[in-house]
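Dear colleague,

Please find the structure below, followed by a short account of what was found in it.

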Amino acid sequence: MAGSFVRKMMTGVVTFAMAGALLAGCAQERSGGTPSSGSTNQSAGANKEKETIEFVYWAGAGGEEEAFRDLVAKFEAEHPDIKVNAQQVPSPSSSDYYTKIQTRIAGNDAPDVFRIQYQKIGEFASKKALLDVTDLFAEDKENFNQSLLTAVSFEDKIYGLPHHTDTLAVFYNKTYMDQLGVEPPSKLEDAWTWGEFLEVAKMIQDKGLAQYGLAFNWKESSAYRSLPFFFQNGASLATDDFTKGNVETEEAIQTLAFLQNMFQTVMSPGNSMKGTEDFNLLFTSGTAGMLINGNWMIPRWEQEMADYEWGVTYMPQNKSMASDMGGNALAIPKNSKHAEAAKKFLAFMGEPENMKLFVEKGLFLPGRTDIEGPFEYNVKDPAMMDLFIEQSTTVPEKLAQTVTMSEFSKANQALAEALEMLFTQGVTPEDAAKTLNAKLDEIFGGK
Amino acid sequence: MKAAPYKTGFIFILLAAAAAVFLIPFVWMLSTALKTPAEAVGRDIHIIPKQWMWSNFTDALNAAPFMGYVANTLIVAVFAVVLTVFINCLAGYAFAKYDFKGRELCFAMVLSTLMIPTQIVMVPNFYILKELGWLNTYVGLIVPRAAEAFGLFLARQYMTNIPNELLEAARIDGSGEFSIFTKIVLPNVKPLIAVLVIFTFMWRWNDLIWPLIAISEKSMYTVQLGLAMAKGEHFIDWTTLMCLTLLSIIPILIVFLLFQRYFVQGMTTSGMKE
Amino acid sequence: MSGHWYQKRSIKIAPYLFIAPNMILFLTFMIIPIFFTFYISFFDWEILGGAQFKGFGNYAEMFADDVFWISLWNTVYYTIGTVPLSMVLGLAGAILLNRKIPLRAFFRGVFFAPVVVSLVATGLIWAWLYNPNFGLFNHLLSMVGIEPIGWLTSKTLAMPAVIITTLWVRIGYCLVIYLAGLQAIPESLYEAAVIDGANSWQKFWYVTLPMLKPTTVFVLVISVIYGFMVFDLVYTMTNGGPGHATTVLVQYIFRKAFVEGEMGYASALGTFLFIIMMIFTLIQLKLGRERS
């Protein structure tokens, strides 16, 4: 009897195992295939000819989405032996983009190329998570924006491609402005002062045109977008030698006070660091009269601002002008299994012609400085891009240096916490500055 | 219980009011799903849309490869149901009807797994899946989650009611243990099986955390993962999102409405004794 | 039990083989990972970096961490807010439904439906309902002239808002379990009570409640576990904000682990949560058993 029992159990186990193998077989064919999205990528598993690299990225607007797709197709056409498995995922500001990437890298399941903010790449590079791609720049180094190159470098080696940069400006609802009889500045030197800026925002609310005067595209991972205001007031996050925090200065505290006032009087309570309010929706639905956001958003407004006219003007100024150094790089994880193919992709994206294609569609400023104009931006009103280009010249060098430090990720977090407390917990600017400074000392001092 | 008619009437009204409140979220979701995007975020909010945009659903399906996600989830759910029901019945039977050394300890271990917040074991699980080569595969979605403590409890609870005489008689007749299970126990627990089938299907359909760990390939997304990811994309607005949410709920609601009785039975057999 | 059959070896082996698939899976995907977490909690480990031994450092840091205590308090607040109400309202609903009224199955279905809806969907729908500018609730309020309320952005209202959403999900669950519990109470007990001259209230207090005790214990244990482990709704609706108003333990663990990359510290938090859950559950089960 025991014999037949054991035999029956064995049958059961074998069946179980076979079912598992069958499923695994199904899975093998399934994974790597992308149905219904229009592309016809095939699995690389069984295919000896083509190598497949995985490219993870996000798209903040339709322009860059199309740009990435076009360039991937172009790359595949030029490299018939490489297939690109392009995975578009939600952006860092609306998801845990980096969580997934970090876990995958740590677990040895890394993608081959991924998009990464300049404010983040320092963290990855300093933790030795990225592939050294210095050799790709052997001949080309001077042809890239040096600030951006610094951002992607660590200890004299280059760890990513400075793909593009962008900056912030003030989008406004022209229909409202017309009703107010306000004409936003059209020259850089006429940019609104802090006082004027706040006044316009208040007017929009007081006259009942919109619920809020302003929306801002900051969120936890983008807390650094508040930095321009510090620099506009002559303050900064770190001391000149970048070893300590510098926010207990009068200028910094004034900035914190201004930001707090701005948030509490003209912004939606859901537009804080942890808030889940969709700032873009506030603008497109006319619920907020102005929106601080970047050049790549233009394609979205062209599509979505159906009910209102809109325009863009310069960032406000106080003691000086400043805007944000934004943009993203492309990087390769150190433990990518297709390093050579990934490098080819990176090199491809870094070629002048391809970069030009990308920035024209995505509405960005290129990482290279040697691309010949004119740029045929895919935009209805070229003057808008010109404004952003002009605004980008006001990015202070110190800001660029601050956000590209390898420890900046942590500083960004500390800043986010301080601002959240300032906005939603009613902490005083002095106290917020104190707490923030203590944390920054720790971070910059080398924890 | 006999009750005066006015009392019944009063209770009915009370329940109807409560039911109306409970239905509000569903109604609002449907209402938003059918509006034009502009109307959903316009100044004037109405519950009944001005135009019933049934086309929103097709648009939503174009925006995200949702049907693909549904297919994935169905495959996972079906296989998971077969596997889970089988091994839970098996183990439930063992816990209920056998007196073996370590029984209490094993059961305590099962109970303890309920108290493990999945978030803290996400990373170790990722490593384990990676080592097994189960990332981005159906196996990785089906097998690890086949062990559901609740399912085990339900099975054990139910099985304790099987008369021991039935089993003893079979043993005296010379049947092997496994064939006792398949030939005698299983046929006698059909209601349990029905409940387990429904619950497993629901758990697998609604699961977000596990696919979040195991899947990074868009083609392998499940419905919940796809929904969570859709929220962050720039081209998804609230109307589309509500459409997708509605679509994600419909299958499970249908299953629920058809098998309500079994759902209820399932929740109760687990709650009867300790 | 007759004497001869349990000497067969197959019977001794059978239970072990039968529970094996389940045990192997639990071991691999739950037990081993939790031990890994225990282990990591003694290290300083950032997900991309190396690990450094820290002894009990993480635990010391934890007890000194304000946000930890806030998250613990929030979790307790959430549990107290959701458990009694869902149980009481569930019981009340079950009592009402335990009679012959028309559309009984329909009502049961309506109250239970939120339970089968995924938490992702629930979070999305309710976030939309609570939306300060476009949500239904503020719209209804505006119809009676009340200014828009920031349900999820207000320090004081955020947690109650999440609690209300939770009640929507949990009341039906409690209701259905209680309903079955009620239906299992023999009529004879009630008849005996009536003969003794008991009124409705006394019937409830002296017959219904005691007979429901096992059910109540079960619902309580499960609800408390659920309350302490809440994550999905908070994550979808408020991200733990505003500030730390809705940061519950698991949310905090998630942040520390994945947003701030401090796996070691997060593991310590997780270990702590696991341990108190075990203690709680054991206490509740013991209390449940004693008063029989």
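How many of the 9 residues of helix α4 (residues 118-126) of chain A are buried? The answer is 8, so α4(A) is largely enclosed by the rest of the structure; a residue is buried if 20 or more other C-beta atoms, placed from the backbone, lie within 10 Å of its own. Among them are Tyr118(A), Ile121(A) and Phe124(A). Just after α4(A), Lys128(A) takes a positive phi of about 60°.

Residues are numbered from 1 along each chain as its sequence is written, and chains are lettered from A and ligands numbered from 1 in the order in which they are written. Helices are DSSP runs (H or I, at least four residues), numbered from the N terminus.

The mean pLDDT of chain B is 85, with 95% of its residues at 70 or more. Where pLDDT is low, the predicted coordinates should not be read in detail.

In chain C, Thr37(C) belongs to helix α1 (residues 9-40). Thr37(C) counts as buried because it has 25 C-beta neighbours inside 10 Å. Beyond four places in sequence, its contacts (C-beta atoms within 7 Å) include Ile120(B), Pro124(B) and Ser267(C).

Yours sincerely

Terms used: Predicted model: local features only at pLDDT ≥ 70, side-chain atom pairs only at ≥ 80, totals over all residues. pLDDT = per-residue confidence, 0-100. Helix = DSSP H or I, 4+ residues; strand = E, 2+ residues; numbered from the N terminus. Buried ≥ 20, exposed ≤ 12 C-beta atoms within 10 Å, placed from the backbone. Contact = placed C-beta atoms within 7 Å.
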